[in-house]
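Reader: Hi! I'm new to this one. Could you walk me through it?

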Amino acid sequence: MSSKIAKAENAISQSRIVEILEEYSPQIISTILVEFDTDQSDIDVVCEYHQQSAFVSAISNSFQNYESYSLNVYAERVIGRFKVASFLFEVYGTSIPVTQQLAYRHYQVMQRLARLGGAPIKQKIRFLKRSGLKTEPAISQILGLKGDPYNAVLELESWTNTQLKSHVQNCI
């Protein structure tokens, strides 16, 4: 485990975000944890709420005193930001179940790619991200995926591990 992962996990633990937001099914989906990160990468947390106002209160009451705190409330989503141990946390909440949210689904694919592609794919993704690409466009470029990169990454959900590993090995 890299020292950055250990530091991110420490920040997650220190924030107590998983315990504090437990009733909102929080899932950590940070590119740091799959080593697709850059120096600007944050710790993303996706949540599901049934009552937006209660979720807003939970975020505000729990994190408003943290550095760089902000809260944006929209009709169908809430985005809260704050820093813990030099890591920016971005909390995204919506009424959509976490496992159906696109960010969560993308992250599931990223975990598989990191596991099946190992260090070579991690290095290539980080290189492209340092050049200005976001994660999904970097993955799409490396794997030669066509069309919208965000949709293309979602299409990888249905690939078997054997198919995915073979494709990754042919591309890197």
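Predicted model: local features only at pLDDT ≥ 70, side-chain atom pairs only at ≥ 80, totals over all residues.

Reader: Great. Which residues have the most contacts inside the largest nonpolar core?

Author: Those are Phe36, Leu113, Ile125, Ile139, Leu143 and Leu156, in a core of 25 residues. Such a core is a set of buried Ala, Val, Leu, Ile, Met, Phe, Trp, Tyr and Cys residues joined through side-chain atoms within 4.5 Å. Buried means under 20% relative accessible area, exposed over 50%, and partly exposed in between (1.4 Å probe, protein chains only).

Reader: And which helices supply at least two residues each?

Author: α4 (102-130), α5 (135-143), α6 (149-155) and α7 (161-171) do. The largest share, ten residues, is from α4. Helices (H or I, at least four residues) and strands (E, at least two) are DSSP runs, numbered from the N terminus.

Reader: What does Leu156 touch, leaving aside neighbours within four places in sequence?

Author: Leu156 is in contact (heavy atoms within 4.5 Å) with Val109, Arg112, Leu113, Ile139, Leu143, Leu145 and Leu164.

Reader: Back to α5: is it largely enclosed or open?

Author: Eight of its nine residues are buried, so α5 is largely enclosed by the rest of the structure. Its cover includes α4, α6 and α7. Just after α5, Gly144 has a positive phi of about 65°.

Reader: New topic! Which residues lie nearest the centre of the largest pocket?

Author: Asp42, Asp44, Glu90, Ala103 and Glu136, out of 30 lining residues. On a 1 Å grid over the protein atoms alone, a pocket is an open set of points where a 1.4 Å probe fits, with protein on both sides within 12 Å along at least five of seven lines; lining residues have an atom within 4 Å of a point.

Reader: Which element gives the most to that lining?

Author: α4, with six residues. β2 (43-48), β5 (87-94) and α5 are among the elements that each supply at least two.

Reader: Last one: how many disulfides are there?

Author: Zero in the whole structure, counting a disulfide as a pair of cysteine sulfur atoms within 2.5 Å. Cys47 is buried at 0% relative accessible area, whereas Cys171 is partly exposed at 26%.

Note on methods
Residues numbered from 1 in each chain as written. Heavy atoms only, no water.
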